[in-house]
Amino acid sequence: MLDFAPAATQPAVLPEAVTTPHPTRAEAEAAVRTLIRWAGDDPAREGLLATPARVVRAYEEWFAGYRQDPASLLSRTFGEVGGYDELVVLRDIPLQSTCEHHLAAIRGVVHIAYLPNQRVVGISKLARLVEAFGRRLQIQERLTAEIADTLAKVLQPCGVAVIVEASHECLSSRGVRLHGISMQTRRLLGEFAHEPRRGEILAMLAG
């Protein structure tokens with residue numbers, strides 16, 4: 001069993017939001033119209049009339065992770081594994097997220113591996129875990145830690161490894177405007193944090 005004490009993660013709802021009423025859809029659409037005017041265009045012209053409503057609907061999809069409890073996605077596990085005690089690896093899970101610093105897109109893949117401790121979880125739940133944390137305002141480092149820490153806390157496996165490889169539009173579409181660059185982050189817990197398992201899992205996930 002993984003002896004794991006997860007680091008505190010940022011709550012989905014900021015503390016001040018507890019006492020502040022949630023903005024209405026009309027308020028959100030008005031905010032989009034303000035941004036359109038600030039950008040230099042007229043939100044009342046024909047091509048932009050429906051844009052605020054479309055943006056708000058898109059936000060509901062892009063940030064659906066705030067309405068999910070990631071840990072609950074892993075609550076159903078299976079113990080009938082026929083004595084299987086080797087790695088479970090799921091590679092190339094699509095990642096769609098949003099940079100919290102510039103509201104720019106983060107796109108990439110996530111590789112997850114864990115060493116079961118008698119119980120396993122459905123592989124679709126690993127993909128849903130990535131989506132639940134990805135569809136929030138994020139930085140890649142925290143996203144990587146949240147996925148790994150939640151998996152370790154709920155499943156209590158012997159080891160967890162998470163590697164995230166992603167490109168950031170805040171780097172390619174503004175500022176230095178560099179294209180073709182990807183960022184890699186990783187978190188290794190339990191047996192995967194130490195040799196020889198560390199080298200083994202890094203080689204497997206990098207392959």
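Biologist: How many aromatic pairs does the structure hold?
Modeller: The structure, which is a predicted model, holds 2 aromatic pairs.

Biologist: How is the pair of Tyr59 and Trp62 arranged?
Modeller: Tyr59 and Trp62 form a tilted pair, with 5.8 Å from centre to centre and 50 degrees between the planes. The angle matters for the label, because planes under 30 degrees apart count as stacked and those over 60 as edge-to-face, with the rest as tilted.

Biologist: Where do Tyr59 and Trp62 lie?
Modeller: Both lie in helix H2, 3 residues apart, which is about one turn of the helix.

Biologist: Why is the pair of Tyr59 and Phe63 edge-to-face?
Modeller: The ring planes of Tyr59 and Phe63 stand at 75 degrees, with the centres 5.0 Å apart, so the pair is edge-to-face. Tyr59, Trp62 and Phe63 form one aromatic cluster.

Biologist: And Phe63, is that one buried or exposed?
Modeller: Phe63 is buried, with a relative accessible area of 10%. Tyr59 is partly exposed at 37%, and Trp62 is partly exposed at 41%.

Biologist: Staying with H2, at what angle do H1 and H2 pack?
Modeller: Helix H1, residues 25-39, and helix H2, residues 51-62, pack at about 115 degrees, and their axes are 8 Å apart. The crossing of H1 past H2 is right-handed.

Biologist: Which residues make that contact?
Modeller: From H1 the contact takes Arg25, Ala28, Glu29, Val32, Arg33 and Ile36. From H2 it takes Thr51, Pro52, Ala53, Val55, Val56, Arg57 and Glu60. By type, the residues of the contact of H1 with H2 divide into 7 nonpolar, 1 polar and 5 charged.

Biologist: Let us step back. How many helices and strands does the protein chain have?
Modeller: The protein chain has 6 helices and 7 strands. Along the sequence they follow the pattern α-α-β-β-β-β-α-β-α-β-α-β-α.

Biologist: What does the C-alpha trace span along its principal axes?
Modeller: The C-alpha trace spans about 65 × 40 × 25 Å. Of the 207 residues of the protein chain, 39% count as buried.

Biologist: What share of the contacts with a separation of 6 or more comes from residues 24 or more positions apart?
Modeller: Such residues account for 70% of those contacts.

Biologist: Now for H6. Which of its residues are buried?
Modeller: In helix H6, residues 197-206, the buried residues are Arg197, Ile201, Leu202 and Leu205. They cover an arc of only 125 degrees around the axis, which puts them on the same side of H6.

Biologist: What do the buried residues of H6 pack against?
Modeller: They pack against four strands named here in order: E2 (88-99), E3 (105-115), E6 and E7 (183-190). The face of H6 turned away from its buried side carries the exposed residues Ala203 and Ala206.

Biologist: What about the loop between E7 and H6, which residue is found there?
Modeller: Pro196 is found in that loop. The peptide bond from Glu195 to Pro196 is cis, with omega near 5 degrees.

Biologist: Then what is phi of Leu103?
Modeller: Phi of Leu103 is near 55 degrees, a positive value in a residue other than glycine. Leu103 has its place in the loop between E2 and E3.

Biologist: How far is Leu103 from Arg142, C-alpha to C-alpha?
Modeller: Their C-alpha atoms are separated by 16 Å, and the two residues are 39 residues apart along the chain. Arg142 lies in helix H4, residues 140-155, and is buried at 18% relative accessible area.

Biologist: How far apart in space are Pro157 and Glu191?
Modeller: Pro157 and Glu191 are 9.4 Å apart from C-alpha to C-alpha, and 34 residues apart in sequence.

Note on methods
Residues are numbered from 1 along each chain as its sequence is written. This is a predicted model: local features need pLDDT of at least 70, side-chain atom pairs count only at pLDDT 80 or more; totals for chains, interfaces and linings use all residues. Side-chain values use heavy atoms; hydrogens and water are left out. Helices (H or I, at least four residues) and strands (E, at least two) are DSSP runs, numbered from the N terminus. Buried means under 20% relative accessible area, exposed over 50%, partly exposed in between (1.4 Å probe, protein chains only). Axes are lines fitted to C-alpha atoms, for helices over the stretch in contact, and angles run from 0 to 180 degrees between N-to-C directions. A crossing is left-handed if the near helix is turned anticlockwise from the far one by less than a right angle, and right-handed if clockwise. Contact means heavy atoms within 4.5 Å. Ala, Val, Leu, Ile, Met, Phe, Trp, Tyr, Cys and Pro count as nonpolar, Asp, Glu, Lys and Arg as charged, and the others, Gly among them, as polar. Rings of Phe, Tyr and Trp (its six-membered ring) pair if their centres lie within 6.5 Å; planes under 30 degrees apart count as stacked, over 60 as edge-to-face and the rest as tilted. The arc is that of the directions from the helix axis to the C-beta atoms.
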